[in-house]
Amino acid sequence: MKAIESDLVVCSADKVVPDATVLVEGGRVAGVCANAELAGLVSSGKLAAGDVIDRRGCLVMPGLVNTHMHQYGVLSHGIPPAQGVTGFESFLLDYWWPRIEDRVRKSEVLTTSLATMAEMLHSGTTSFCDILEAPLCEGDTLIAQGEQIERAGMRAIVSLESSERVSKANGEACLRQNAESAQHFSARGTGLVRGAICTHTTFTCPRGMIEHAKELACENGCLYQFHLCESRYELEWAMSHLGCTPLSVYNSAGALGPDTLAAQCVKLGEGDLDLLASSGTRAAHLPISNCEVGGGFAPVPSMLQKDVCLGLGTDGYVNDMFQVMRATFLVHKAACETTTVMDSKQVFSLATEKGAQAMGLSKVGRIESGWAADLVAYDMAPQPTPINEGNVFDQLVVFGRASSVRDVWVAGKRLMQDGRLLTLDEERNAAQLRQCADTFWRGL
Ligand SMILES: [Zn+2]
């Protein structure tokens, strides 16, 4: 057993314990005790003195959960601007699909995956759900990406976005790669990395493909996920081409339910909010990315009122969940013209246990006996004002900063110690990413 002694344990949005220690055994939380009890545990032989990690001056909280991520997307950070693009459709047809997605291969995937894991760990993220958008990548890419994530020790879901925009056969091949990866990681049984079945949107995937994708997910016992209504484009396209909302297409294909995760959900159609709630479908909210694409404000306060299970994500854009929490706290107050929505406790729960639930991870995202020991030690000293039991959620959600993350554990294994990554060669990975991006951009 190991013990992490701290000034404050943030067990969940409902429970904060001052002067407390988190006990960890076999990758799981074994309990939370008062610091004053530690000496007794050591003297009774239940705990070795050398297994007490002194993190007084820090708070310990659950690791953050990035519910929707594109690791390869870091290639586009700072990319030369697209020329001649006239709108959303043109952005996809003339630029993003041919020049970015169709040129991504396994080597770019592995390089970007290593670099973004470092970025996520430094900002306290321990779990993420990745969607690779590279329809022409090699057939073993997803498994190679997942195995690399396993070696680094992070908790993740990997998936390859499938559609018929290249061809029907390519859509089938991508779905097959998803299913093979789901089977591969399920057979390994390590529990850290899983597969999922992923499709793109209703304007690139016909209903038959969506039905098939959901069937594959059920056969493999894994999550089914897709992008839904990132802007008004998909809603308008579906209404004019299919005569119904995109969510109704998924509903009629039998694809909704608690094992389905819809990302974005910005411009939903009439009745969609009720459909999302009544079907138990999960959602991922990506506030900073919504701002980037000018997509609008997702109706998150209304979704939460209807008890939709919802997590937060970066969309591969700004991969720092502290910034995503801050954006979630702020943008809906502006959109709804009131300060009464999205309090910091609620946002914290979305970034931790609700996000894990949305990804289908059980017992992840709280510090409680039997739950995964995915933990972050956050240094309270750099915060300009005191952090205490009464203000900790505001201090983390509104004023939190990645630079205060000192240690990170996933399944009880320490991946970062005093700001230094233990399972990744950060400098080498960063240099390889710069080289990779430079070469990639030259081919634009
Ligand atoms: Zn996305």
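Author: Here is a short tour, from the whole chain down to a single residue. This is a predicted model, where local features need pLDDT of at least 70, side-chain atom pairs count only at pLDDT 80 or more, and totals for chains, interfaces and linings use all residues. Residues are numbered from 1 along each chain as its sequence is written.

Reader: Which domains is it divided into?

Author: Domain 1 covers 2-62 + 375-410, and domain 2 covers 64-358. The bounds come from an automatic or database domain assignment. Their C-alpha centres lie 32 Å apart.

Reader: How many residues are in contact between domain 1 and domain 2?

Author: 15 residues of domain 1 are in contact with 21 of domain 2. Contact means C-beta atoms, placed from the backbone, within 7 Å. On the domain 1 side, helix 14 (392-397) and strand 15 (405-410) each supply at least two residues. The largest share, four residues, comes from helix 14.

Reader: Switching topic: which residues touch the most other members in the largest nonpolar core?

Author: That core has 129 residues, and the ones touching the most other members are Val22, Leu59, Val60, Met117, Met325, Ala351 and Met359. A nonpolar core is a set of buried Ala, Val, Leu, Ile, Met, Phe, Trp, Tyr and Cys residues joined through C-beta atoms within 7 Å. Helix 3 (residues 106-122) gives the most to this core, eight residues.

Reader: What is valine 60 in contact with?

Author: Leaving aside neighbours within four places in sequence, valine 60 contacts Ile4, Ser6, Val9, Val22, Arg55, Leu375 and Ala377.

Reader: Last one, where does serine 369 lie?

Author: Serine 369 is in the loop between helix 13 (344-358) and strand 14 (375-379).

Reader: Why does serine 369 count as partly exposed?

Author: Because serine 369 has 13 C-beta neighbours inside 10 Å. Beyond four places in sequence, serine 369 is in contact with Val29, Ala30 and Gly31.

Methods. Two residues are in contact if their C-beta atoms, placed from the backbone, lie within 7 Å. A residue is buried if 20 or more other C-beta atoms lie within 10 Å of its own, exposed if 12 or fewer, and partly exposed in between; C-beta atoms are placed from the backbone.
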